[in-house]
Amino acid sequence: MQIPGHIDPVPVPRKPGVVRSDGKRALLGMSKPAMREALVEVGIPEKQAKMRVSQIWNWIYHRGATQFDAFANISKDTRALLDAHFVVGRPEVVTAQVSTDGTRKWLLRFDDGEEAECVFIPDAYRGTLCVSAQVGCTLNCRFCFTGTMKLVRNLTAGEIVGQVMLARDALGEWPNASAPQPPRPVIADDDGDGDDDDDAPWIPGQNQPGSNYTSDGRMLTNIVMMGMGEPLYNFDNVRDALAIVMDGDGLGLSKRRITLSTSGVVPMMARAGTEIGVNLAVSLHAVTKEIRDEIVPINKRYGIEELLAACAAYPGANNARRITFEYVMLKDKNDSDAEARELVRLIRKYDLPAKVNLIPFNPWPGSIYETSLPERVTAFSEIIFAAGISAPVRRPRGRDIMAACGQLKSSSEKITRAELDRRAAEKEAAWV
Ligand code: SAH
Ligand code: SF4
């Protein structure tokens, strides 16, 4: 969607999507109609194709099968045909790390050798997977490690779904892997607000800490599109991937359990609401043009007022499904009482069903900011709370393995401050 008066170039990824060297196509991430068409193209009879699609989806998404050999209710010949043209597969795990707080991080490698990270954050009542949308990021928020990366490409829908599949593999979450199975239960949204707080009620015997979180025994209960990259600059693939994640024949996760975070790609926000329909989080991080221009440079293109107006119009936002405003706490940069009061004023001005998530800054090698002092974070939070707006402080998770917000980066290159500045200027020139 184009906003009148704007030119809206989408930053062009520096590499196209994946073409496998063996010419095989990935089934993961294909919509049902696309898979049907692909099957017919390789010679599966038209009248069988629909049934084959539902068999394949069942093997892939309900049972976690990764090899065609496992598709027991499909004939050997058909399996061989599938094997000749397609792969199910998973991204390859390059490294798997576990933090002292239980957070897990995987560095994944895709078919063309590009890499991205994915993080699982277990909590008392839920398990959240933080999924990446791009290799690197087209944008360059100044406090974000991912923003310093040079190489960028969009992840395909299959690579995005693949992250969820891989986490399920690692967590042993294919309860229906072998037996004939009942229809998959869709997880209820415990507290109805769809956010990532720990405010879900404890249902004895079902989601108590230390055991499985859901009645069907799954630990992975929530997904946040908050890994590497800007999801709304990879709109189609993110939409197609999340459609599979939410489909009852796919991974069957409720849209209330999924949150997409954007740095503020205003022209895509309405479409995100109507075509994806998940919870929205917005990386606000500052309340004045001067500071937001500096730390979230996309602000030079889509300013604060425009962004908040798009939030007010976000389809599906209401008091039961509030928009989360993310606010990174940077010492002496954006953390004064006056800025907290201005944040309240802005939220009221646009009458937003909002909550604010305060994120203590997570440092990384070469970062130029410091984390706000704890008493500053508390004071900031209290001003917002006093205005009747929820403003919890996000507990940093997985910092020891560089898995916390803004610490993801798949290449280990060491870069100088001058090179960081040069890259920031280059990226900005590409889209401002
Ligand atoms: N690209 C999306 C999703 C990314 S990251 C976006 O920008 O919204 C999820 C959140 O972590 C965002 O709010 C992001 O601004 C924030 N973040 C990035 N770097 C951070 C850091 N070093 N410390 C704390 N939060 C950070
Ligand atoms: Fe990209 Fe988000 Fe990092 Fe900004 S905060 S550079 S949009 S990943």
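**Cavities, burial and backbone in a predicted model**

User: How much space lies in the largest cavity, and what makes it a cavity?

Analyst: About 480 Å³ of space lies in the largest cavity. The volume is the space filled by probe spheres set on grid points, which are joined across faces, edges and corners. The term applies because, on a 1 Å grid over the protein atoms alone, a cavity is a set of points where a 1.4 Å probe fits but cannot get out; lining residues have an atom within 4 Å of a point. This is a predicted model, in which local features need pLDDT of at least 70 and side-chain atom pairs count only at pLDDT 80 or more, whereas totals for chains, interfaces and linings use all residues. Residues are numbered from 1 along each chain as its sequence is written, chains are lettered from A and ligands numbered from 1 in the order in which they are written, and side-chain values use heavy atoms, with hydrogens and water left out.

User: Which residues lie nearest the centre of the largest cavity, and which elements contribute to its lining?

Analyst: The lining has 29 residues, and those nearest the centre are Phe 143, Cys 144, Met 226, Ser 283 and Gly 406. Strands E10 (258-262), E12 (323-329) and E13 (354-360) are the elements that each give two or more residues to this lining. Strands here are DSSP runs (E, at least two residues), as helices are (H or I, at least four), numbered from the N terminus.

User: How is the lining of the largest cavity divided by residue type?

Analyst: It comprises 15 nonpolar, eleven polar and three charged residues. Ala, Val, Leu, Ile, Met, Phe, Trp, Tyr, Cys and Pro count as nonpolar, Asp, Glu, Lys and Arg as charged, and the others, Gly among them, as polar.

User: Why are the buried residues of helix H1 said to share a side?

Analyst: In H1 (residues 32-41), the buried residues are Met 35, Ala 38 and Leu 39. They cover an arc of only 100° around the axis, and therefore lie on the same side of H1. That arc is taken from the directions from the helix axis to the C-beta atoms. An α-helix has 3.6 residues a turn, so residues three or four places apart point the same way. The face turned away from the buried side of H1 carries the exposed residues Pro 33, Glu 37 and Glu 41.

User: Is His 285 buried or exposed, and how do you know?

Analyst: Buried means under 20% relative accessible area, exposed over 50%, and partly exposed in between (1.4 Å probe, protein chains only). His 285 has 5% relative accessibility and therefore counts as buried. It is found in the loop between strand E11 (279-283) and helix H7 (289-295). Phi of His 285 is near 65°, a positive value in a residue other than glycine.

User: Why does Asp 351 belong to its accessibility class?

Analyst: Asp 351 counts as exposed because its relative accessibility is 67%. Asp 351 lies in the loop between helix H9 (337-349) and E13, and its phi, near 50°, is a positive value in a residue other than glycine.

User: What makes Ser 411 buried, exposed or partly exposed?

Analyst: With a relative accessible area of 29%, Ser 411 is partly exposed. Ser 411 is placed in the loop between helix H10 (374-386) and helix H11 (417-431).

Conventions:
1 Å grid on protein atoms, 1.4 Å probe; cavity = no way out; pocket = protein on both sides within 12 Å on 5 of 7 lines; lining within 4 Å.
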